[in-house]
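Dear colleague,

I am passing on the structure below, together with some notes on its architecture. Please read them with the coordinates open beside you.

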Amino acid sequence: MSKKKTQEEVVLTPKKVYNFCSKKKLILGVVIAVLVVFIAGAVIRGIHLAIEFKGGTLITYTYQGEINTNDVASAVKDIVGSTVTVRTGESLDSGGKQITISFTSDQGLTVDRQTELTTALREKFAENDLEIYDSNDVNPASGREFLLKCLIAVIFAAFVVIIYIAIRFKNIGGWSAGVCSIFALCLDLLVAFTATVVCKFNIDSNIVAVFLTILGYSINNTIVIYDRIRENRKLMPKASLNELINVSCTQSLTRSIRTSITTIGTMLVVTIVVMVTGYDSLLSFSVPLMMGLISGTFSSLFVAPVTWSWWMNKREAKGKKSK
C-alpha cells in the first residue's frame with residue numbers, strides 16, 4: 001500500500017486500482033443475459049405458483065409398503081378433474097412414510113369431497129393402508145391476497161431502503177445513490193427468481209424469505225461501498241467521482257469476496273446436505289438464495305456504484321450545458 005498525503009489526513013490507496021467505472025458494457029451484458037435466461041426459462045419451464053399463492057387443496061396421507069405416485073396422481077385427477085401433484089416423504093416425528101397430494105379446484109375441499117377422495121384411494125390402494133394425516137384448503141382469493149401482501153412487503157422494504165440511503169449519504173449523492181442501490185437489488189432479485197423458474201421450483205413463501213434475505217445482504221454490501229466512498233471523499237477532496245469509486249471498490253474488493261465466499265459456501269453445504277438427505281423442499285430456498293448472494297456480490301461492487309457514477313456524470317454534463 002502506498003501513502004498519499006492530503007491537507008489534513010493520510011489516505012492509504014491500493015498499489016493497483018481497478019477501473020470499475022469502465023465496466024458499463026459488462027454490466028449491461030449481464031443484465032441482458034439474466035433477462036434472456038429468465039424469459040427463456042419462463043417460456044420453456046413455466047412459472048409455477050404454489051397453492052398458498054393461487055389457492056387449492058393439500059392432503060397428506062400415511063401409507064405402508066411401496067406406492068406409485070403416477071397411479072395416485074391419475075386416480076385423484078379422475079376425481080377432482082384438475083392437475084395433481086404428488087410427492088412422497090417421511091414424517092419427521094414418527095419416520096413413517098407419507099404421500100402429499102396437492103391440486104387446485106374452484107370447489108375447495110369440503111368434508112364430503114375429502115371423504116369421497118379418501119374412500120376412492122383406499123379402495124384403489126388397499127394394500128398400502130392409507131390413513132389421512134393432514135389436510136389444508138386455501139381459498140384462491142386468499143392466495144392472491146397473500147401474494148399481493150408479500151409483494152407489497154418487498155416493495156415497502158425497498159422504498160424504506162431508498163429513504164435510508166438518501167438520508168445517510170446525502171452529502172455524496174442522496175436519492176441517486178438510493179435509487180441505484182435498488183436497481184442493483186432488482187438485478188439480485190431477478191437472478192434469484194430466474195433460478196427458481198429455471199429449476200422449476202414452486203413460487204411459494206420460500207421465495208419471499210429469499211427476497212428479504214437478499215435485500216438485507218445486498219444492501220449491506222452496497223452501504224459498505226458507499227461508506228468507503230464517503231470516507232475517501234474527505235481524504236481525497238480533489239479526486240473525481242470515478243476515481244473515488246475505483247479506489248473505494250478496490251479497497252473493498254477483498255473484504256467483499258471473503259465474506260461472500262463464507263456465506264455462499266455455507267449455502268452450498270446446505271444444498272449438498274439437502275440433496276443427500278432427500279429433503280428437497282429446502283432446495284427452493286437454498287439454490288435461489290445462493291444465486292442471489294452471488295449476484296449481490298457482483299452488483300454491490302459493479303452495478304450500484306457504476307450506475308450511480310453514470311447518473312452523476314450525466315447530471316453534471318447536463319448542468320454544464322445549461323450554463
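At what angle do helix α5 (residues 140-168) and helix α6 (residues 175-198) pack, and how far apart are their axes? In this predicted model, the two helices pack at about 145 degrees, with a separation of 7 Å between their axes, and α5 passes α6 in a right-handed crossing. On the α5 side the contact draws on residues including Val 154, Ala 158, Val 161, Ile 162 and Ile 165, while α6 contributes, among others, Trp 175, Ala 177, Gly 178, Ile 182 and Leu 189. By class, the residues of this contact comprise eleven nonpolar and two polar, with no charged residue.

Turning to the sheet, four strands form an open arrangement in the order β4-β5-β3-β6, with antiparallel pairing. Because β4 (84-90) and β6 (131-138) stand at the edges with a single partner strand each, one side of each is left without a neighbour in the sheet. The twist from one strand to the next averages 15 degrees. Strand β3 (residues 56-63) pairs with β6 over seven bridges, and within this pairing Ile 59 has Ser 135 of β6 as its bridge partner.

Two helices pack on the sheet: α3 (residues 69-80) touches β4 and β5 (97-103), its direction making about 140 degrees with that of β4, whereas α4 (residues 111-124) touches β3, β5 and β6, and its direction makes about 140 degrees with that of β6.

Finally, helix α7 (residues 205-235) spans 46 Å from its first C-alpha to its last over 31 residues, close to the 45 Å expected. Its N-terminal end is capped by Asp 204, a side-chain oxygen of which lies 3.0 Å from the backbone nitrogen of Asn 206.

Terms used: Residues numbered from 1 in each chain as written. Predicted model: local features only at pLDDT ≥ 70, side-chain atom pairs only at ≥ 80, totals over all residues. Heavy atoms only, no water. Axes fitted to C-alpha atoms, helices over the stretch in contact; angles between N-to-C directions. Left-handed = near helix turned anticlockwise from the far one by under 90°. Contact = heavy atoms within 4.5 Å. Nonpolar A, V, L, I, M, F, W, Y, C, P; charged D, E, K, R; others polar. Expected span 1.5 Å × (residues − 1). Polar contact = N/O pair within 3.5 Å; in protein donor to acceptor, adjacent residues only side chain to side chain. Pairing = 2+ DSSP bridges.
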